[in-house]
Amino acid sequence: MKQKAMAAFKAYTDRYDSSDVKIKLKIDHTYRVADICERIARSFELSEIETDFCWLIGLLHDIGRFEQLKQFGTFIDRDSIDHAELGADILFSMPFSETGKPLIESFIDPSDWLVLEDEDFDGWEEMAKMCETAIRLHNKLTLPDSLDPGTLFYCKLIRSSDKIDIFRVLTEPPYDERNRSIIAGSKDGSIGPARDDIIRCVREHRCVPKTFERTNFESLISQCCMAFELDFPIAWDIAKSQG
C-alpha cells in the first residue's frame, strides 16, 4: 500500500512547482506527519492494516494545501478557503482530471480493501468514510460529539501529529528569527500584554479560535495553546524530543 500511495502523492505534487519554498514546505511537512502518525499508531500496538491506515491519513491530510496555494496564493484559510474541506473534496468528491475517478483511488485501490475485512475494517466504504472525516476535521477548533470511537481516534491521531510537526516548523527558519524578535519585544513591554479573551483560552486549556484577531505576540500564545490538543502521551514525548 505504501509504495502505491507514495507514488501517487509524488505524481500529484509534481503537478505543482516544487521550487516554490511554500510547496516544498508542505511536501516535507506531509512526509513527517505521516511518519508521526505511524509512530503513534505503533505505540498502541495496532495491526499492520490499522498502522498503514494511520500513515495514509497523515500522507493525505494536507492534500488541499497545494490547490489552495495555486488558486489563492496563501495558506491562510480565512483569506482563501478551508484547506481541510478542500482536500477532502478533492480526494473523495471531485473526479480527478487524469482518471475521472475520485483521487483517493490513485492512492488506494478499493478492490485491495475487499480482502481486508476483519476486526479492523468492514472494507472500502468504512475506510473511506473514516479517512475523509479525519481529513475534513483535522483543522477544526473542536471535534463533534457524534463521532464513533474509531473515527474519533483517527481524528485525534492526525490532529496531534499535525500539531507536532507544526511546532517543529515554527522553531526553524524563517519563523525562528521572527519569533525571537516578537519575544524580545514582549520583554521590554513594547507590544503590550495579551487580551483577556486570548488568556481565557490559556486558562481553559483550549485552542484559540481562528476568528480571533491577534497581535504577533498573541499569535505566539495561540501557537503554544495547540499543545492542549496533543491527545496521547507519546505525542507529548515526540514534541519534547524535537526540542
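Contact here means heavy atoms within 4.5 Å. The structure is a predicted model, in which local features need pLDDT of at least 70 and side-chain atom pairs count only at pLDDT 80 or more, while totals for chains, interfaces and linings use all residues. Residues are numbered from 1 along each chain as its sequence is written, and side-chain values use heavy atoms, with hydrogens and water left out.

By this criterion, and leaving aside residues up to four places away in sequence, Phe 107 touches Met 1, Lys 4, Ala 5, Ala 8, Phe 9, Leu 56, Leu 59, Leu 60, Ile 63 and Leu 91. Together with Ile 40, Phe 107 touches the most other members of the largest nonpolar core, which has 59 residues. Such a core is a set of buried Ala, Val, Leu, Ile, Met, Phe, Trp, Tyr and Cys residues joined through side-chain atoms within 4.5 Å; buried means under 20% relative accessible area, with a 1.4 Å probe and protein chains only.

Helix α3 (residues 48-60) packs against helix α8 (residues 124-137) at an angle of about 45°, their axes lying 10 Å apart. Helices are DSSP runs (H or I, at least four residues), numbered from the N terminus. Axes are lines fitted to C-alpha atoms over the stretch in contact, and angles run from 0 to 180 degrees between N-to-C directions. Phe 53, Leu 56, Ile 57 and Leu 60 of α3 meet Met 127, Met 130, Cys 131, Ala 134 and Ile 135 of α8.

Gln 68 belongs to helix α4 (residues 64-72). With 0% relative accessibility, Gln 68 counts as buried.

Note on methods: Helices (H or I, at least four residues) and strands (E, at least two) are DSSP runs, numbered from the N terminus. Buried means under 20% relative accessible area, exposed over 50%, partly exposed in between (1.4 Å probe, protein chains only).
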